[in-house]
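Okay, thanks for coming, everyone.

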Amino acid sequence: MSGVASGSRRGGGIRRGEARAGWIFVAPAVVIVGVFLAIPIVLALWVSFSDWNGFRSPLNPNVNFVGLENYAAITVDPGLDQENFGRAVRNNLWYVVFVVPLQTIVALLLAVQVNRAVLRGRGFFRTAFYFPSVTSTVAIVIVFQFLFTASGAVNAVLGFFGIDGPNWFNDPSGIFHNLLATVGVTSPPPALAQDGPLGITWWEWFAGPSVAMSSLIMLAIFTTSGTFMLLYLAGLQNIGGEIDEAARVDGAGPVRTFFSITLPMLRPTTFTVLTLGLIGSWQVFDQIYVLGGSTAGGTITTPAFLAYETSFNDLQWGQGAAIAFILFVFIILLTLFQRWLLRERNPRMRTPRISRAAATLAADSGPATDPTTRALSSADVDDELSKGDRS
Amino acid sequence: MSTGTAATTATGGRAADAAAPPRRPGRRRKRTPARVRAGLWTSYLILIGLALIYVYPFILSIAASFKTDADATQNPLALVPETVTFAAYERLFTDVPFPLWFGNSLLVAVIVTLGRVFFDSLAGYALSRLKFRGRTFVFLFFIGVLAVPGVVLLIPRFLILQQLGMYDTYSGMIVPLLSTAAGVFIMKQFFDSIPVSIEEAARIDGAGTFRTFWSVVLPMARPALITVIILSFQGSWNELGHFIVSRQSPELNTLTTGVASLVSGQLGSGNQFPLQLAAAVLMTIPVAVLFFIFQRRIMNTTAGAEKG
C-alpha cells in the first residue's frame, strides 16, 4: 500500500484514461478468445464448403469452393458417408434417450436422500457421489474398462446371480434387438427392413443402444449424476423444510409429499438439469476417443467423434467440418432453448449460498460436461455469485 | 463436503442409527417418531448402497493397480492382492514416459490457471467497472462465445494453430486456453457485487486504474478467484480434446493424451490392467487433492466475504 505514493499521482479527473484502460484490460481476453475461438470457427466454416484435403493452408488458391457438397454427402446422397453419419446420429440419439432421464432421476434420488435434515455424514455421501465428476474421463474409462471386461468385476457379480454377462465394451448388438431375439425375432419384419432416414434401415434405427454403448451410458450416469445432484441439493435447500413439514402435519405421507409438493417445486431445477444434460450428451467425445472409436462395430461412434475421425484420420476435412457444423447448430439451438426456458423462470431459480460454490465447481466437471460450464455460468453461476455475495 | 466430515463419517454413518438427534425436535418428533425413524433407516440403507456403487470402483481400481496382471484378471473382485506388487507403478517410470506426461500436464495446467486468473479478472473488472466505448459489444461478444460447444472446436482449433505455425508446440497447447468467456463472467459478476466505494477512495488517493485493480480490488475478489483457479486447474488438467488436436509429438503428450494412448496402444492389449489403473490413480491424485482442500476453503472464504 505504501506504493500508492504521490509519485504515481495522475493529473486530471479520476475518470481520465478510463476508456484506454478499459480496452487494455479486455484486450488479452478478447484477443485470445477471438483468435482461438471466433476466427477458427469462420475458418472451419469455409473448410466445410471447400474441397481442402489437408495439404498446405486451407486458404491456398488450389482449394475450391464446392458449395453444399460436403453437407449433401452426409445427409442426402446415398452412400457410405451418409450411412456412417446416420449410424453416429442413431448411436448418440439412443445415448441421449437413456442418459438424460436416468441421470436426472439418479441425481434427484441422491439429492433427496442426502438432503435429509437428520442425516449424519451428509458430507461423506455428497463427496462420494460427486467425486466421479471431478476425475478425468480418461481415468474413468480405464476404471470402467477394467470393471466391464468379459471376466471383470461386473460380470463376476452378475455371475453370483447366475447371469452370464456380455463382453460389454466389445458387444455391438443393440439391446432392443437382443430383447426381441429372446422371443425369437431375429430378422426385421418387412415394414422395418426399408430404409429410414440417413440411409439406415428402420430396423437399425430401432436397435437401441448397443451393449457397448450401454456401458458408456452407465459411465455417463456415474460421472454426471453427482454434478446434477448438487444442483438439486441447491434447489431442495431453497425450498426448505417448512413446506415439507406442513404437508406432513396435514397428514400427507412421504411419498405423497414428494410427488405433490417437492417435485413440482423443483421444476425449475429439473428444467436446468434436463437441458444441461441434453446439451452435454450430444457432445460425447472423450470416452469414444479413449476407447478407440471404431470398436464394437462402430456402435459407439458419435457425430462429435465422427467429425474428428473424418477429418484427422480420413483427411476428408470438408466433410468432417460439415458434421461439426451440423452438430454446432444443433447444440446452439438447444442452448438458446435452454436460455429462453431459464429466463422465464430465473426469479425462482435462486440458489442458496452454501451450494453456490459447489454448483460453480460442478459447472466444470470435466471435458464431458464442458458445455455445462458455459450454460451454467451464464445462467446460474453468475446469478448465484452476484446475488450471494451481496447479501 | 469437507474432508473433516468425510473422515468422521465412515464410523458415523454406521453408528448413527435412529438415535441420531434430529435437529428439529419438537412436534414432528413427538408425532411420528416411528415413521421418521423408519424413513431414516431406509435412507441410510439406500445411501450406503449407492455410496458403495460410487466408491467401490475406485477402491477396486486402486487395489488392482497393486496386483500382478494375472491376479487382476483372475480375481477382479478381490480387494487384497495375492501378492502386493509395485510392478505397475515401476513400469510407469521405465516402460512409459509417465513423468514427462505428468510434467507437461503440470506445466500446462499451472500456466493456464495463472493466465485465466489474470486475464479473466482484468476483463471482468473492465466489463464491470470501467466505462469505455464498445463495452457493450465486448460483453455481447463474450455472451455469444459462451454458447459455443467445446467439442465442435476441435477442427477449428487445429486449423488456426496450423495457420499460425503454433501446431505441435507448447504455445499452441497453452495459449488458446489462457482465457475463457466463462471465467470472464464469473469475475465480472463478482465485481458487480462488491461496493464501488473502496475503489473510489483509492482513486481519489491517486492510484491509477491498474494499481486500484491490482492492490485494492483483486485482494477482495479472493472467493471468485479461487473459483476460477479450481475450474481452470481441473479443466486443463482433465482436458483431452484440445491436446489431441494441438500436438502430435510424443514429447508433448500430457497425462490425458498419454494415458489414453496406453489404452488404445500396444500397452492396452491383453490384460495389462494394473499398468493402466496405476496411471489412472496417479493422474487423479492432484485433482483429488485440490478437490478435497478447496471444497472447504471455498465455503469458508465466501462466507467470510459477506462480512465485507
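I'll go through the record annotations, the core, the salt bridges and then one surface patch.

First, housekeeping: this is a predicted model, so local features need pLDDT of at least 70, side-chain atom pairs count only at pLDDT 80 or more, and totals for chains, interfaces and linings use all residues. Residues are numbered from 1 along each chain as its sequence is written, chains are lettered from A and ligands numbered from 1 in the order in which they are written, and side-chain values use heavy atoms, leaving out hydrogens and water.

Let's start with UniProt. For chain A, the unreviewed entry gives "transmembrane region" for residues 21–49, 93–112, 124–148, 211–233, 288–308 and 320–342. Chain B's unreviewed entry has that annotation too, at 38–59, 101–125, 137–160, 172–191, 212–233 and 273–294. Those positions are in the numbering used here, feature names are shortened, and annotations may be inferred rather than shown by experiment.

What does the model do over those spans? In chain A, residues 21–49 are 97% helix and 0% strand, with end C-alpha atoms 40 Å apart. Residues 124–148 of chain A come out at 88% helix and 0% strand, with 27 Å between the end C-alpha atoms. Over in chain B, residues 101–125 are 100% helix and 0% strand, and their end C-alpha atoms lie 35 Å apart. When I say helix or strand, I mean DSSP runs numbered from the N terminus: H or I of at least four residues for helices, E of at least two for strands.

Now the inside. The largest nonpolar core has 187 residues, and A:F129, A:L216, B:F98, B:F142, B:F191 and B:V259 touch the most other members. Helix α10 of chain A, residues 211–239, gives the largest share, 17 residues. A core here is a set of buried Ala, Val, Leu, Ile, Met, Phe, Trp, Tyr and Cys residues joined through side-chain atoms within 4.5 Å. Buried is under 20% relative accessible area, exposed is over 50%, and partly exposed is in between, using a 1.4 Å probe and protein chains only.

Helix α8 of chain B, residues 154–163, has eight of its 10 residues buried, so the rest of the structure largely encloses it. Just after that helix, B:G165 has a positive phi of about 70 degrees.

On to charges. Over all chains there are six salt bridges, meaning a side-chain nitrogen of Lys or Arg within 4 Å of a carboxyl oxygen of Asp or Glu. B:R129 and B:E199 pair at 2.7 Å, N to O. B:R129 sits in helix α6 and B:E199 in helix α11 of chain B, so the pair ties together parts 70 residues apart in sequence. Both B:R129 and B:E199 are buried.

In chain A, A:E83 and A:R87 bridge at 3.8 Å, N to O, and A:E204 joins them in a salt-bridge network. A:E83 is partly exposed at 26%, and A:R87 is partly exposed at 23%.

Last stop, the surface. Which residues form a nonpolar patch there? A:V157, A:F160, A:F161 and A:I163 do, with about 460 Å² of accessible area together. Patch members need over 30% relative accessible area and no salt bridge; like charges are joined within 9 Å and nonpolar side chains (Val, Leu, Ile, Met, Phe, Trp, Tyr) within 5 Å. Areas are Shrake-Rupley with a 1.4 Å probe, and for residues only the protein chains shown count as cover. A:F160 counts as exposed, at 66% relative accessibility.
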